[in-house]
Amino acid sequence: MGATAAHADIKLGLGAPLTGPNAVVGEQLRRGSEQAIKDLNSKGGVLGEQIVLIQADDASNPSQGVAAANKLITQGVVAVIGHYNSAVSIAAAKVYSEEGVVQISPGSTNPQLTEMGSHTTFRTCGRDDQQGEVAAAYIARNFPKARIGILQDQTTYGRGLADATRAALAKAGLKEVVYEAVTVGDRDMSSVITRMKDAQVDFVYFGGLHTEAGLLVRQMAEKGLKARFMAGDGIVSNEFWNITGPTGNGVLNTFGADYRQQPVAAEVVKSFRAQNYEPEAYTLYSYAAVQAWAQAVTAAKSTDSAKVAEALHKGGFQTVIGPLSFNAKGDRTTADYTVYQWRDGTYTEVK
């Protein structure tokens with residue numbers, strides 16, 4: 001009998017909030033990564049080997065994110081797609097960097113993630129300082145006389161985004177009349193709403209995620225605070241509308257281009273919808289992260305993280321979110337944040 005060489009599968013890690021308050025986004029990261037791997041494997045995988053996805057739940061908690069990172073490394077992953085929450089990604093990035101494992105986050109926007117100097121850290125989304133500038137420019141242009149209230153949820157992401165927008169507003173000559181914090185998990189927003197009513201706030205900017213944003217919008221309407229509401233990419237989820245219902249009509253948010261509408265993503269979007277799954281928000285960012293990694297592996301002719309990281313920094317990649325390349329920090333070389341408005345359960349770009 002002739003002996004043949006055994007081929008070991010390539011293990012790609014996924015670090016995401018598969019349970020907890022942001023499990024809906026964790027599902028987006030999982031579905032995007034799984035579909036990208038399935039499509040790659042159907043064409044022979046990478047370097048002639050099949051890819052398997054090893055998942056670890058971070059539950060949106062930084063300490064659990066570190067545990068998830070260590071678990072993935074122990075299981076022999078060559079790279080990790082994740083995480084979602086900025087605080088989790090930053091904590092986990094220190095582990096990946098020390099171990100020399102490539103990390104590509106589809107959704108962590110806090111600038112600190114790529115300012116730590118790790119050569120193996122990347123993201124397919126933009127940064128909060130870019131997002132804040134777009135939000136502030138929109139507010140200054142359309143609501144120049146607004147009495148602005150700025151709220152944030154005390155997370156690395158929420159506080160960072162709110163402060164980036166606050167700084168950009170200041171450059172535009174606008175100063176908020178209220179700056180307050182809410183706590184993740186709070187169900188009653190009465191006190192902060194009362195303070196905003198007392199200050200006659202008529203425009204609210206919120207740095208945080210969909211649950212607290214939805215509660216704020218709904219309770220503002222219930223308590224008669226008639227103010228426009230704007231947030232960032234943290235509310236881009238149908239779960240936001242499930243909380244607000246019609247009170248969410250007119251809510252604004254910033255997010256990247258809706259790649260579901262782009263020809264380059266048409267076949268992948270069609271595949272998702274055939275499975276009765278709508279690839280909203282970070283689904284395609286996750287798919288693109290896998291694509292960029294796989295193309296870098298092919299260019300490097302190796303899954304070695306040092307070589308793959310070098311290829312990621314140098315290369316240009318064709319993905320479902322269009323041409324993608326990274327700068328020396330691991331950030332995208334292009335940003336495409338724009339403003340959306342919610343209406344009847346969907347968000348569409350403001351023209």
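Mentor: Domain bounds here come from an automatic or database domain assignment. For the protein chain, that assignment gives domain 1 as 10-126 + 260-325 and domain 2 as 129-235. The model is predicted, so local features need pLDDT of at least 70 and side-chain atom pairs count only at pLDDT 80 or more, while totals for chains, interfaces and linings use all residues. Residues are numbered from 1 along each chain as its sequence is written, and side-chain values use heavy atoms, with hydrogens and water left out.

Trainee: What separates the centres of domain 1 and domain 2, and how many residues of each are in contact?

Mentor: The centres, taken over C-alpha atoms, are 30 Å apart. Contact means heavy atoms within 4.5 Å; by that test, 14 residues of domain 1 are in contact with 11 residues of domain 2.

Trainee: How many helices and strands are there, and what makes a run count as one?

Mentor: The protein chain has 12 helices and 14 strands.

Trainee: Why is Phe240 called buried?

Mentor: Buried means under 20% relative accessible area, exposed over 50%, and partly exposed in between, with a 1.4 Å probe and protein chains only. Phe240 has 0%, therefore it is buried. By the same cut-off, 56% of the 351 residues count as buried.

Trainee: Where is Phe240 found, and what is it in contact with?

Mentor: Phe240 is in helix H9 (residues 238-244). Leaving aside neighbours within four places in sequence, its contacts are His210, Ala213, Gly214, Val217, Ile235, Val251 and Trp342.

Trainee: Why does Arg31 count as buried?

Mentor: Its relative accessible area is 18%, which is under the cut-off, so Arg31 is buried. Arg31 is found in helix H1 (residues 23-42) and touches Phe272, Gln275 and Tyr277, not counting residues up to four places away in sequence.

Trainee: Why is Gln200 called exposed?

Mentor: Gln200 has 56% relative accessibility, so it passes the exposed limit. Gln200 lies in the loop between helix H7 (190-198) and strand S8 (203-207). Its phi is near 55°, a positive value in a residue other than glycine.

Trainee: What sets such a phi value apart?

Mentor: Most residues other than glycine have a negative phi. Lys301 also has phi near 55°, and it sits in the loop between helix H11 (283-300) and helix H12 (305-314). At 69% relative accessibility, Lys301 counts as exposed.

Trainee: Which form does the peptide bond from Gly82 to His83 take?

Mentor: That bond is cis, with omega near 5°. Most peptide bonds are trans. His83 lies in the loop between strand S3 (79-82) and helix H3 (86-99).

Notes:
Helices (H or I, at least four residues) and strands (E, at least two) are DSSP runs, numbered from the N terminus.
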